[in-house]
Amino acid sequence: METIEIKLQNLTKVFQAKNKEETIAVNDLDITIPAGKLIGLLGPSGCGKSTTLYMISGLLKPTEGRIFFGDTDVTDVAPEKRGIGLVFQNYALYPHMTVKQNILFPLENLKMDKEKALERAQFYADLVGIGHLMARKPVQLSGGQQQRVAIARALVKEPRVLLLDEPLSNLDARLRLQTREEIKRIQKETGITTIFVTHDQEEAMSISDEIVLMQEGIQQQKGAPQDVYDKPANLFVAKFLGSPPINLFEGRIENEKIMVGKAQFGRAEGKKDQKVVIGVRPEGFNIVERSSLKVTVDFVETIGRDTTLIIQKPEGAVDPEVLKAQQEESDEMIDGIEEGSIEETAPEQKATFRAIVDADNRVKPGDVIKLSVKPHKMFLFNKDGELI
Ligand code: ATP
């Protein structure tokens, strides 16, 4: 199979509603997707992932910008002439056809020799692991098997580009895991340049050579998953990647020290005094003998070697007004009036944070412990969420 690079140049899509209200679904996207790689297009609902994918496929016309497959400008090329394979969330198989007929279907208009078409259909069915189910109808298959048929059907024309739009969303947790590994294997074996759209960070991180993180139509960061996790470009990226999520503290830089209330989190050499939001990954703490970061442990969850500690934030890390509001909210929840979520109201200022430490530390609820912060697991942001 020929592998090609995909280049998006200033790609923009503006939707206009009847009342003339405009939505900029994709805003000036500049991305190069290397030949033979799998790119995960990631971001919250409504950030423009599907719109981007549909423009690449040709199903949507960009408002501005160009799309290149290799050296060819395909912006005005019809979808069926672009050499793409598409797989959607709902498998969209023909229910009255067998698996074999479904996979063969895209080849029918190609006037391909029948023997050769059958051979190829069998080859891709085997590749995705459903070669033994060719005589079945879609209703006789599990969700994961149906999705594999959809993938085989997308591959059978030997496209230059494979576009997957949330292909695993309809599968249960175990099948999701298994099918995503399959997709990775198939992509490696065929070497087909692939774009995988998902809102699930773990899925994107595990499957992609590179991820592109989008928010409100704008690219936030692109890179190898681990690099983006280790070096988030801004607060949005830091918050979006990571499970459990990054801990956020209101703090300040004072005489080159990073302070949260009276606790020192580290040093910020050469940085001027200012208010900051401090992000620390849950794995970014050590339990130590001496530290000004002295905290009380609320809950302890141990799974295997790791213990997750849920800890009260140090004094001064939480705005007293927010604390008061949270107290009122939790009182309401206790009264059973409202099932409101504190996380939704002010995720930055929750009164607790998480630290993942070695289970050997044997920490118990109620313990008062001292923590140090690993500098490479800590990030500083200004009030606009920019990394400083
Ligand atoms: P999801 O994960 O929920 O599918 P997404 O990241 O794929 O989200 P898009 O479907 O690309 O997001 O939508 C991006 C933005 O464009 C959203 O604000 C959406 O409401 C808007 N939008 C999408 N299609 C249209 C349309 N046909 N007309 C008007 N607005 C649209």
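In the residue classes used here, Ala, Val, Leu, Ile, Met, Phe, Trp, Tyr, Cys and Pro count as nonpolar, Asp, Glu, Lys and Arg count as charged, and the others, Gly among them, count as polar. With those classes, the shell around the ligand in this predicted model is made up of 4 nonpolar, 6 polar and 2 charged residues.

## The ligand and its shell

The residues surrounding the ligand are Phe15, Thr23, Ala25, Pro44, Ser45, Gly46, Cys47, Gly48, Lys49, Ser50, Thr51 and Glu166. Two elements, strand S2 (22–33) and helix H1 (49–57), each contribute at least two residues to this shell, and the largest share, 3 residues, comes from H1.

| Residue | Protein atom | Distance to a ligand oxygen atom |
|---|---|---|
| Gly46 | polar backbone atom | 2.7 Å |
| Cys47 | backbone N or O atom | 3.0 Å |
| Ser50 | side-chain N or O atom | 2.7 Å |

On its own, the ligand has 630 Å² of accessible area, and the protein covers 57% of that area.

Helix H1 is itself mostly covered, with 7 of its 9 residues buried; the buried residues of H1 are Lys49, Thr51, Thr52, Leu53, Met55, Ile56 and Ser57. After H1 comes Gly58, which has a positive phi, near 95°.

## The chain as a whole

The chain contains 10 helices and 20 strands, and its C-alpha trace spans about 75 × 45 × 40 Å along the principal axes. Of the 388 residues in the chain, 47% are buried. The accessible surface of the chain comes to about 19900 Å², and carbon and sulfur atoms hold 48% of it. Among the contacts in the chain with a separation of 6 or more, 69% are between residues 24 or more positions apart.

The largest nonpolar core has 35 residues, and the members that touch the most other members are Ile103, Ile130, Leu155 and Ile183. At least two residues of this core come from each of helix H2 (99–104), helix H3 (114–127), helix H4 (143–155), strand S7 (161–165) and helix H5 (173–190), and H4 gives the most, with 6 residues. Leu155 touches Tyr124, Leu127, Leu162, Ile186 and Ile192, when residues up to four places away in sequence are not counted. A second, separate core has 26 residues, including Val260, Leu293, Ala355 and Val373.

Is Thr307 buried or exposed? Thr307 counts as buried because its relative accessible area is 4%, and buried means under 20%. Thr307 is placed in strand S17 (residues 306–312), and its side chain is joined to that of Thr302 by a polar contact of 3.0 Å. Leaving out residues up to four places away in sequence, Thr307 touches Val300, Glu301, Thr302, Ala355, Ile356, Val357, Asp358 and Ala359.

Glu289, by contrast, is exposed, with a relative accessible area of 71%, and is found in the loop between strand S15 (285–287) and strand S16 (294–303). The C-alpha atoms of Glu289 and Ile369 are separated by 8.4 Å, although these residues are 80 residues apart along the chain.

## Backbone details

Most residues other than glycine have a negative phi, and most peptide bonds are trans. Against that background, a few places in the backbone deserve a check. Glu158 is not a glycine, yet has a positive phi of about 50°; Glu158 lies in the loop between H4 and S7 and is partly exposed, with a relative accessible area of 33%. Asn255, also not a glycine, has a positive phi of about 50°. Asn255 is found in the loop between S11 and strand S12 (257–260), and its relative accessible area of 58% makes it exposed.

Which residues does a cis peptide bond join? The cis bond joins Ser243 and Pro244, with omega about -5°, and Pro244 has its place in the loop between helix H8 (235–240) and strand S11 (247–254).

Methods
Residues numbered from 1 in each chain as written. Predicted model: local features only at pLDDT ≥ 70, side-chain atom pairs only at ≥ 80, totals over all residues. Heavy atoms only, no water. Near = heavy atom within 4 Å. Polar contact = N/O pair within 3.5 Å; in protein donor to acceptor, adjacent residues only side chain to side chain. Areas by Shrake-Rupley, 256 points an atom, 1.4 Å probe, with all protein chains shown as cover. Helix = DSSP H or I, 4+ residues; strand = E, 2+ residues; numbered from the N terminus. Core = buried A, V, L, I, M, F, W, Y, C linked by side-chain atoms within 4.5 Å. Buried < 20%, exposed > 50% of the residue type's maximum accessible area, 1.4 Å probe, protein only. Contact = heavy atoms within 4.5 Å.
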